[in-house]
Each structure stands twice: as structure tokens, then as C-alpha cells.
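Here's a quick briefing to read alongside the model. Keep the 3D view open and follow along.

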Amino acid sequence: MAFEPRIVAFFCNWCTYTGADLAGVSRLKSPANIRIIRTMCSGRVDPSFIMKAFELGADGVLIGGCHPGDCHYAEGNYKALRRVHLLKKMMRSFGIDEKRLRLEWISASEGDVYQHVATEFTQTIRSLGPLNWKQHVDQKSSSEQAVVV
Amino acid sequence: MAKPKLALYWAASCGGCDVAVLDIEVKILDVAAFFDIVFWPCATDFKYKDVEAMPDKSITLCLFNGSIRNSENEKLAKLLRAKSVVLVAFGSCAQEGCIPALANLTTKEAIFKTVYLDTPSTHNPDKIFPQPVTKVKEGDLEIPVFWEKVKSLDQVVDVDYYIPGCPPQSTQVAAVIEAVIDILKNGKPLPPKGTILGAGDKTCCDECPRTRKEKKVKQFYRLHEILINPDECLLDQGIVCMGPATRSGCGALCVKANVPCRGCYGAPPNVHDQGLKMLSAISSVIDAQEPDEIDKIINTIADPTGTFYRFSMAHSTLKIADL
């Protein structure tokens, strides 16, 4: 069976989540690989959520927030931006390709941007292949992991 | 009534934890009077075979310091687990890997190459590496097998309690020992399993006497690059201080000596990953909104992974231990 990436997305309630919703309402096709978790702000996305996703089997993590200057909470999106920059640096030392983490600004009216980003990111992760972090870490459960897709 | 039995052991550690036990000063006499010390390689002359000969669950309390780096560490961890009623991970190494676990960022092969080939003082033209078994004419010589990754004690055996710190502060050690004696003497109930003993339930910042302002950091400094203001929050001054992501209990010892908190008391309550929590805290104080400027400031942090996980690598979410 061909590899289908498992992508966890954290979208802010005010912009990107609504933008993704708009993409759906507008019947814009986007990949079903993305599992969206709605947060109130991209600044709410703690780095531990992102690493937990990788630990539990995500192949990629996408974070969506409001455009700079548009944050509903004034500067949560800047916090997200700084965290992602620092986290990418840390991911490199853990041996995870930093391209598996992506931050995008998508407003509530940008359903087409969501479609584009979702398609492109899924394609990126597909070409990177499975991360299988848990399997990599926990050799004991590697036989189980091979069965669970 | 026979005295309760006490064992102390050091696995992969520096010996500082054993010194921390002795640092309780005259209280060590209470320990010696109340307990029968049955095993303590650092201070007494008992052999492994003495421990092997003891019945299971015959040691009342075992304070185990050091992480699990090789087969000997693991064997002793399993042995002492079987022989002890209460097994305590004593100190940061046993609790969450500490400095030895930073080796999990590299491989066994690379470590051996550095140690036995590349260091300037090493002369090893035949490329001889330590072997678990060496045949000599008198017989086979065995040394412990070096594991691929460093593990904390609880990644190898079941652990009852934790005492954090690198090393645990002597006042905290004394308080824990007093509490243990009280429990054993007066039949008081044990704390719930998994409790972290000898530490607070807030962060190091809570104990820090320095004045804090709004944090806006334009550049991070290493200690030799800046004259530190002794009264102002270190993080405010652009020094990476682990205080916000570290459990209280040490009495803010380092920051009072004008040195930033290194994070040895581990993650504060309800935090699963100390390194990521610190990453989050640092990201919040960086005063920049443009990606290029953010990168510039981030690049002034020397080795973020090693700094944020200095003590907790074995317990990081992406723990790179071959469990």
C-alpha cells in the first residue's frame, strides 16, 4: 500500500480554522491527510503538543495562524513564529527533518491558500516518507507498528 | 527489633550524590544509628555477591544514584529492585538521565571514536577498543557492555520515589531521611508511589530573590560575555536561565551565586518535557517579530538542545533511548 502521510494540524480559531472551513464550504479539494485540531490561537500551541504529535506517529505537523498584525490576541502568532524557529533548530539536533514542521499564516478568507498549503505540505511529507519516530525509538513495539497503519 | 536495612548505589554518575548524602553532616550519625547499612560501594566494603545472597525485599530503602549506561548498571538496578522494598531514584541521573544522557544525541560508535581514537592525548595506532570479553592465559576477563543509549532508572526498573537535584541539596536529603525515619518508627503511611521527594511544587523562579521586569531580549549572552547585574533577573539580562522550567527546592542556589539556573531539579509539576517548556519560555522573551531577526537572536543561544535538556534528555518526549 502506498504511503499516506499522517499530518496533524493546529489551526487558530479566528483565522486558519475558519479559512480551512471556507475551503470546505467552497468545495475546494484538499488532501484528507490533514487532521485539524482547533486551538484558540497559534500562540496556544505549546512545543510539547508538536513533539507529542511526532512521538505518537505524525509524519508532519502544520500550524496555522493569523497574518502578522492580525492576531486576535495581539501577538500570539509572533510567539508561535519564534517557537517554530527555535524548535526547527532543535529538531535538527534530534535528527528530524525540519521540513516536517510548517507554520503558515492563513486568514479566514483564504480558503484557496489553505488548499494550496495543505496540498503542497502533504506532497512534501509524502516525498520525505514516514517518520516512524515511535518505531525508531521503541524497538520492542516495532512489530506492532508495522501492522498499525 | 532488627534495624531497617539501607543500601546506596552509584551507577553512571560522578559521585556527587554520594557526597550529598555525607553532606547532611551530623545527621549521618542518625542514619548510621537507625539503619543497618548493608551496601554502599562508595563508603563501605560490601561486594555484589553479598547483595545477591540477601533474600528478596530484605532491604528497606535503597537510594540509587546514577543513570544506566552499561550492563553493570542495569544488572545492579535489577538486583537492587528485587532486594529492596522501596527504591528511590536519587539525583538527576537516576531520575532523568542528567549529563550522561546528553550522549543520547550521538551514537556509541561516535563516542568510542572520540574517546579511543580522536582525543589529542590518545595514542592508539592499532585501533584497540574495549571488548566485553578478553581472553588471556589465565582465563576470560570481562568488563561491562557499553549500551547504545543512556537510560534513567525508571526506564529499566520500577521506581517508587524520586529525589531530584544534581546533586540533591543536603537540607532536602536530611529532611527526606528524617521523614523516612519518622515513617518507619511511627508507622506513618508512605506517600503515593511516584512522588517527588525533597523538592518544591513551584518553579525555581519562585525562590529567586532577583527583581523581574518585562522580558525583552535582543541578544543572549554566555556568562563570559557580560557583566551580570546581581539584583536583576538573569533572563531579563539575556542569560539563558532555566529557572522558569525547573522545579523549586534548591533554594535558588545558583542564581544567588550569580550563575544561571541549569535546571537540575527537573521539570516543574505538570510539565512532561523540561526542554520543550524552556524552549517555549525562551521564545516568549525574544523581542523580535521578523523571521530574520528572530533567527539572529536564536543563533546567540549556544546549543539550545543541550542547554534545555542538560538534565532531562533521557525523559525528553523524543527520548532517543532504545528502550
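Chain A averages a pLDDT of 89, and 89% of its residues score at least 70; pLDDT is the predictor's confidence in each residue, from 0 to 100. This is a predicted model, so local features need pLDDT of at least 70 and side-chain atom pairs count only at pLDDT 80 or more, while totals for chains, interfaces and linings use all residues. Residues are numbered from 1 along each chain as its sequence is written, with chains lettered from A and ligands numbered from 1 in the order in which they are written.

**Confidence in chain A**
- Among the elements of chain A, strand 1 has the highest mean pLDDT (98) and helix 6 (residues 142-147) the lowest (35). Helices (H or I, at least four residues) and strands (E, at least two) are DSSP runs, numbered from the N terminus.

**The sheet in chain A**
- Four strands of chain A make an open sheet, in the order 2-1-3-4, with parallel pairing. Two strands pair if DSSP finds at least two bridges between them.
- Strand 2 (34-39) and strand 4 (101-105) of chain A are at the edges with a single partner strand each, so one side of each has no neighbour in the sheet.
- Strand 3 (residues 60-65) of chain A pairs with strand 4 of chain A over five bridges, in the parallel sense.
- Opposite A:I63 you'll find A:L103, in strand 4 of chain A.

**A hairpin in chain B**
- Strand 6 (residues 133-136) and strand 7 (residues 139-142) of chain B run antiparallel, joined by four bridges.
- These two strands of chain B form a hairpin with two residues between them.
- B:K135 has B:D140, in strand 7 of chain B, as its bridge partner.
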